[in-house]
Amino acid sequence: MKLSRLFTRVLQRELQLAYRRRADLANPPLFFLIVVALFPLGVTPDLERLATMAAGVLWVAALLANLLSLDLLFRSDHEDGSLEQLLLASSPPTLIVLGKALAHWLVTGLPLTLMSPLLAMMLALSPAAMPLLMLSLALGTVTLSLVGGIGAALTVGLRQGGLLLTLLIMPLFVPVLIFGTAVVQAAGAGLPWSGQLALLAAMAVLALVSAPLATVAALRIAVEE
Amino acid sequence: MWQSSFWQSSFWKNLVRWFHKWTSPKWFYNLSRPLGAWIGWLALLILVVSLVWGLAFAPIERLQGNSYRIIFIHVPAAFLSQAIYAAIAALGLIGLVWRIKLAFYLAKQSVPIGASMAFLALVTGAIWGKPTWGAWWVWDARLTSMLVLLFLYLGLWALHNAMERPESGDRAAAILALVGVVNLPIIKFSVEWWNTLHQPATLKFTEAPPMHISMLIPFLLAILGFYLAAVAWALKRTRLEILQRERRTQWARDELDRLGGNV
């Protein structure tokens, strides 16, 4: 099979599976909404003070929402045995993993990005920063899906994988969080932001080329376990 | 021509054989016992000398007064926590590529040592921060990256313990350590860029140290002592790991009998 066709097949399959489980699909955006709504309740309803922390709150909430859905990335495939078949197939498993990560981004990162302007408005983020918020979230969540895939693969065979997954990949998410919020804050303050955005993009590219290799290696262990 | 004769020389062959012997758990177990004891006692001696010298006899620092003395513990612990992480990643790579069990054992048992060093660096940093910066904890770049490093260590340890088969835990942790080692420079750079308050590194290879010789000698001794102590500790832990993992082999059973365990 041609590689591009394999890739689209994997993507199609994943999206179809996600569509069949619409309840799971709604979880990350709902979580995003709830966490963001809790901040004004817990900290302050004062819009000026909320505006200063909006970038951080939105990014942290998006990151946690992303994390929530990562646990399921390989779980059902592992349980029904199709993961083993995918790894045994003659087609390169890195491409399959890449397809799955992209599908994960399409059903998690992209909806969160599309939702973010609404929540940013509720936190009174400056309108100038709005496009940058969306751009940084779109780029950053690509990295999160790919790097998170490594953690999901490492914990897929484990009974209490969810909590362990958080511990394993939270440290790896730190740079994405820092540069993601830095872009939005710089744009809000009228400062140059292209450097931070470029670094965010660089991390996405690095994850794109290297994360699938580690993910496949981790999946092989999970299958043997 | 000299090259081929070198590779066939008995010296080289013996060297290779000697090296290979170290990768066998049984040999390692037997050879590391006297070695570990020697290194351990040497470490204890150096640590006692350097810490007594540093904490009691080294001169008072001009700006920070006596509070600077914690540097004799803080900096060696911080050095080691990073060096041990790099060692774990290197051992993980060796284990994955050449399938050497012993590299995995050593890597696994280095994790708690590295974690305790990171913890020690954080605690001593907090104690030092109170008189110097006026707060127990500040969100400074180095403190934050040390905290992240501690999380990485805890993740490694949790992953080791979560797997049912220890062999899977070894390989999974090796992959995580390698991913972490790629990420560590990025994390370090990003947090530094994000916020920095910490004084710059005291020791640099490129410059003469800005310390008076009467402080520098105990300082360097303390670093050496910490390194040696960590090596001795790692050897001890690895020997126990070997006994546990090889408990089904005859020599390990004999050894356990000799030690008086009812396994």
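Which residues in α8(A) meet which residues in α9(A)? Let's start there. One word first: this is a predicted model.

On the α8(A) side we have P175(A), V176(A), F179(A), G180(A), A182(A), V183(A) and A186(A). They meet Q196(A), L197(A), L199(A), L200(A) and M203(A) in α9(A). Sort the residues of this contact by type, and you get 10 nonpolar, 2 polar and no charged.

Now the geometry. Two packed helices are described by the angle between their axes and the distance between the axes. Helix α8 of chain A covers residues 161-188, and helix α9 of chain A covers residues 194-224. Their angle is about 150°, and the axes are 9 Å apart. The cut-off for roughly antiparallel is over 145 degrees. So α8(A) and α9(A) count as roughly antiparallel to each other. The crossing of α8(A) and α9(A) is left-handed.

Next, the two chains together. In chain A, 19 residues are in contact with 23 residues of chain B. Which elements of chain A give two or more residues to that side? They are α7 (130-155), α8 and α9 of chain A. α8(A) gives the most, with 10 residues. By type, the side of chain A that touches chain B has 17 nonpolar residues, no polar ones and 2 charged ones. Keep α8(A) in view, then: it packs with α9(A), and it also contributes to the side facing chain B.

On to the core. The largest nonpolar core holds 137 residues. Those with the most contacts inside it are L58(A), A218(A), L159(B) and L176(B). Take L58(A) as an example. What is it in contact with, once its neighbours within four places in sequence are set aside? The list is V36(A), S116(A), L119(A), A120(A), L123(A) and L133(A).

Most residues other than glycine have a negative phi. A124(A) is not a glycine, yet its phi is positive, about 60°. Look for A124(A) in the loop between α6 (93-122) and α7 of chain A. A124(A) has 16 other C-beta atoms within 10 Å, so it is partly exposed.

R99(B) sits in the loop between α4 (71-98) and α5 (101-133) of chain B. Is R99(B) buried or exposed? It counts as exposed, because it has 10 C-beta neighbours inside 10 Å.

Staying with chain B, here is the overview. Chain B has 9 helices and 0 strands. From the N terminus on, the order reads α-α-α-α-α-α-α-α-α. Along the principal axes, the C-alpha atoms of chain B fill a box of roughly 60 × 55 × 40 Å. Of the 263 residues in chain B, 37% are buried. Consider contacts in chain B between residues at least 6 apart in sequence: 75% of them join residues at least 24 apart.

Last stop, L259(B). Where is it? L259(B) lies in helix α9 of chain B, residues 250-259. With 9 other C-beta atoms within 10 Å, L259(B) is exposed. L259(B) and L44(B) are 215 residues apart along the chain, and their C-alpha atoms are separated by 25 Å.

That's the tour.

Methods
Residues numbered from 1 in each chain as written. Chains lettered and ligands numbered in written order. Predicted model: local features only at pLDDT ≥ 70, side-chain atom pairs only at ≥ 80, totals over all residues. Axes fitted to C-alpha atoms, helices over the stretch in contact; angles between N-to-C directions. Helix = DSSP H or I, 4+ residues; strand = E, 2+ residues; numbered from the N terminus. Parallel < 35°, antiparallel > 145°, perpendicular 65-115°, else oblique. Left-handed = near helix turned anticlockwise from the far one by under 90°. Contact = placed C-beta atoms within 7 Å. Nonpolar A, V, L, I, M, F, W, Y, C, P; charged D, E, K, R; others polar. Core = buried A, V, L, I, M, F, W, Y, C linked by C-beta atoms within 7 Å. Buried ≥ 20, exposed ≤ 12 C-beta atoms within 10 Å, placed from the backbone.
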